Amino acid sequence: MDAFDLVILSVIVALGLGRFLVMRDQRRAPPAEETGPRKPTPQRIAGRVLLGYAYAMALFILVRFLIGRM
């Protein structure tokens with residue numbers, strides 16, 4: 001297992017955990033018609049950060065793969 005495998009594993013874990021946190025926060029939220037705009041919770045912020053990391057690293061892996069194929 002080399003360093004690149006660890007990057008791929010971290011992307012998979014970040015994607016799964018980020019999606020879980022965002023979805024869990026949405027399930028706990030009150031219905032939208034009852035309240036106005038609400039402040040993002042730390043759980044939702046952490047989920048979005050993890051999803052952003054996962055998407056950025058997946059894009060990096062894709063670009064690296066395409067450049068390697070040239």
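Helices are taken as DSSP runs of at least four residues, numbered from the N terminus. In this predicted model, helix H2 covers residues 42–69 and includes Phe 65, while helix H1 covers residues 3–28 and includes Asp 25.

The largest nonpolar core consists of five residues, namely Val 11, Ala 14, Ala 54, Met 57 and Ile 61. Both H1 and H2 contribute to this core, each with at least two residues. H2 provides the largest share, three residues. For Met 57, the contacts beyond neighbours within four places in sequence are Val 7 and Val 11; Val 11 is itself a member of the core.

Leu 15, in helix H1, has a relative accessible area of 34%. When neighbours within four places in sequence are set aside, Leu 51, Ala 54 and Tyr 55 are in contact with Leu 15. The C-alpha atoms of Leu 15 and Tyr 55 are separated by 7.8 Å in space, and the two residues by 40 residues in sequence.

One salt bridge was found in a search of the whole structure. The salt bridge is formed by Asp 25 and Arg 44, whose closest N and O atoms are 2.8 Å apart. It links distant parts of the chain, with Asp 25 in helix H1 and Arg 44 in helix H2, 19 residues apart. In general, side chains of opposite charge can pair when their charged atoms come close. Both Asp 25 and Arg 44 are buried. For Asp 25 the relative accessible area is 6%, and the residue counts as buried because this value is under 20%.

The side chain of Asp 25 also makes a polar contact with the side chain of Thr 41, at 2.8 Å. Beyond neighbours within four places in sequence, the residues in contact with Asp 25 are Arg 38, Thr 41, Gln 43 and Arg 44.

On the surface, a nonpolar patch is formed by Leu 59, Leu 62, Val 63, Phe 65, Leu 66 and Ile 67. Together these residues have about 590 Å² of accessible area. Phe 65, one of the patch residues, has a relative accessible area of 49%. Phe 65 is partly exposed rather than exposed, because the latter class requires a value over 50%.

Definitions and conventions
Residues are numbered from 1 along each chain as its sequence is written. This is a predicted model: local features need pLDDT of at least 70, side-chain atom pairs count only at pLDDT 80 or more; totals for chains, interfaces and linings use all residues. Side-chain values use heavy atoms; hydrogens and water are left out. Buried means under 20% relative accessible area, exposed over 50%, partly exposed in between (1.4 Å probe, protein chains only). A polar contact is a pair of N or O atoms within 3.5 Å; within protein, one must be able to donate a hydrogen and the other to accept it, and residues adjacent in sequence count only if both atoms are side-chain atoms. Contact means heavy atoms within 4.5 Å. Patches are made of residues with over 30% relative accessible area and no salt bridge: like charges are joined within 9 Å, nonpolar side chains (Val, Leu, Ile, Met, Phe, Trp, Tyr) within 5 Å. Accessible areas come from the Shrake-Rupley method with a 1.4 Å probe; for residues, only the protein chains shown count as cover. A salt bridge is a side-chain nitrogen of Lys or Arg within 4 Å of a carboxyl oxygen of Asp or Glu. A nonpolar core is a set of buried Ala, Val, Leu, Ile, Met, Phe, Trp, Tyr and Cys residues joined through side-chain atoms within 4.5 Å.
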